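Dear colleague,

Please find below the structure I promised to pass on to you. My notes on it follow.

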Amino acid sequence: MELKYGFISADDHVQEHPEVWTSRMSKQKWRDRIPHMETQDNGAQHWVIDNAPLVLTGTAIANAKTANGALGPTRWDELPRAAYNANERLKVMDADGVDYSILYPIVAGLAGERFGKVTDADLELACVQAYNDWLIEEWAHVSSRFVPQCIVPIWPMERTVAEIRRAVALGHKGVVYPASPMELKDVPHINEPAYDPLWAVCAELEVPLCFHSGASPKIQMRAGEGFSPAAALAFGGIVRSVSSIAVLANFLFSRVLYRFPKLKVVFAESSLGWGAYEMEYADYQSAADGLQSEGYSLKPSELFQRQCFFTCWYDQKSLRVRKYPGSANILWSTNFPLEASTWPATRQRLDFAFADVPEQEKQQIQWQNAAKLYAL
């Protein structure tokens with residue numbers, strides 16, 4: 001691993017271009033069900049998946065580099081190339097002082113959940129594999145500074161596991177999965193033993209399982225009908241990270257982490273302020289409820305520190321309570337090119353946020369933790 005800037009961004013996004021799926025999936029077999037872009041009468045463009053329009057603000061999400069951060073571009077030709085072109089992204093990374101970028105999707109959903117809604121299992125698998133192949137071919141093969149993470153079919157579980165094995169063999173270093181698959185289709189609750197093969201294969205292959213906030217709408221608050229587009233975007237951004245509280249609490253108490261002690265879990269775009277509060281209160285409440293007598297041998301904070309990670313990108317005040325999750329369990333990011341990205345002032349934000357953090361902990365959070373977790 002080559003380190004020039006001393007920073008690994010653990011949560012960035014790639015904007016899938018219009019040919020990601022049309023160039024990789026059989027037109028004879030899937031026809032118009034292939035994810036593609038259509039142009040409306042007014043000239044605006046939108047994505048269509050399985051003959052249904054995709055709910056997406058504009059044509060893409062690249063608000064960090066658009067004139068109006070509240071609204072995405074309505075046409076593909078309005079999109080900055082750094083959102084979807086690997087070589088252009090490298091220029092942005094150099095300008096912002098980023099050594100490596102760990103990648104999540106956009107059109108496929110922040111956790112690949114949009115394909116999880118597809119009822120045809122064969123179509124879901126074809127869409128997932130096209131994305132995973134594209135991420136290797138057009139990003140990882142361009143530069144080792146891009147760290148690919150695969151999306152997977154959420155069900156049936158044997159297909160999930162098979163695609164993880166295939167993708168990791170290709171070079172993917174993480175697995176992105178929706179934290180609440182029960183919202184997407186009729187599948188068992190995520191705490192059921194039916195998901196044990198998922199936990200097991202990630203632990204076996206030593207790749208982190210990543211839950212991105214905002215991928216489970218039913219556990220996230222929504223903006224009121226009277227909100228303007230800008231206000232709704234701001235509201236969604238604020239509550240998106242906090243929606244992971246339910247996901248974190250579930251994993252701390254569901255015994256999944258106890259049963260699979262080598263499983264590593266990332267709560268992406270999670271922020272730190274609520275996380276520190278959750279750790280402190282979870283310890284207090286578990287002791288008050290006597291969970292140690294029920295076989296919970298570790299405090300929730302100790303369980304988290306053994307296996308889990310928060311991904312932050314703007315925090316400064318909340319770094320003061322980093323002892324609760326632990327400095328070895330915090331990752332940092334630019335969140336590029338989403339609207340809340342620290343680009344193009346990431347270096348200034350880092351200097352401001354870490355001004356009072358000891359150098360050893362600073363290096364841990366800014367690059368060492370991610371390098372170890374993703375075997376860079």
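This is a predicted model: local features need pLDDT of at least 70, side-chain atom pairs count only at pLDDT 80 or more; totals for chains, interfaces and linings use all residues.

Strand E11 (residues 308-312) pairs with E12 in the parallel sense over three bridges, and Phe 310 has Ile 330 in E12 as its bridge partner.

The largest nonpolar core has 111 residues, with Trp 21, Tyr 177, Trp 199, Phe 211, Phe 267 and Trp 332 having the most contacts inside it; such a core is a set of buried (under 20% relative accessible area, 1.4 Å probe, protein chains only) Ala, Val, Leu, Ile, Met, Phe, Trp, Tyr and Cys residues joined through side-chain atoms within 4.5 Å. Helix H5 (residues 121-140) gives the largest share of this core, nine residues. Not counting residues up to four places away in sequence, Phe 211 touches, among others, Tyr 177, Trp 199 and Phe 267 (contact means heavy atoms within 4.5 Å).

Residues are numbered from 1 along each chain as its sequence is written. Local features need pLDDT of at least 70 and side-chain atom pairs count only at pLDDT 80 or more, while totals for chains, interfaces and linings use all residues, and side-chain values use heavy atoms, with hydrogens and water left out.

Best regards

Key
Buried means under 20% relative accessible area, exposed over 50%, partly exposed in between (1.4 Å probe, protein chains only). Helices (H or I, at least four residues) and strands (E, at least two) are DSSP runs, numbered from the N terminus. Two strands pair if DSSP finds at least two bridges between them.
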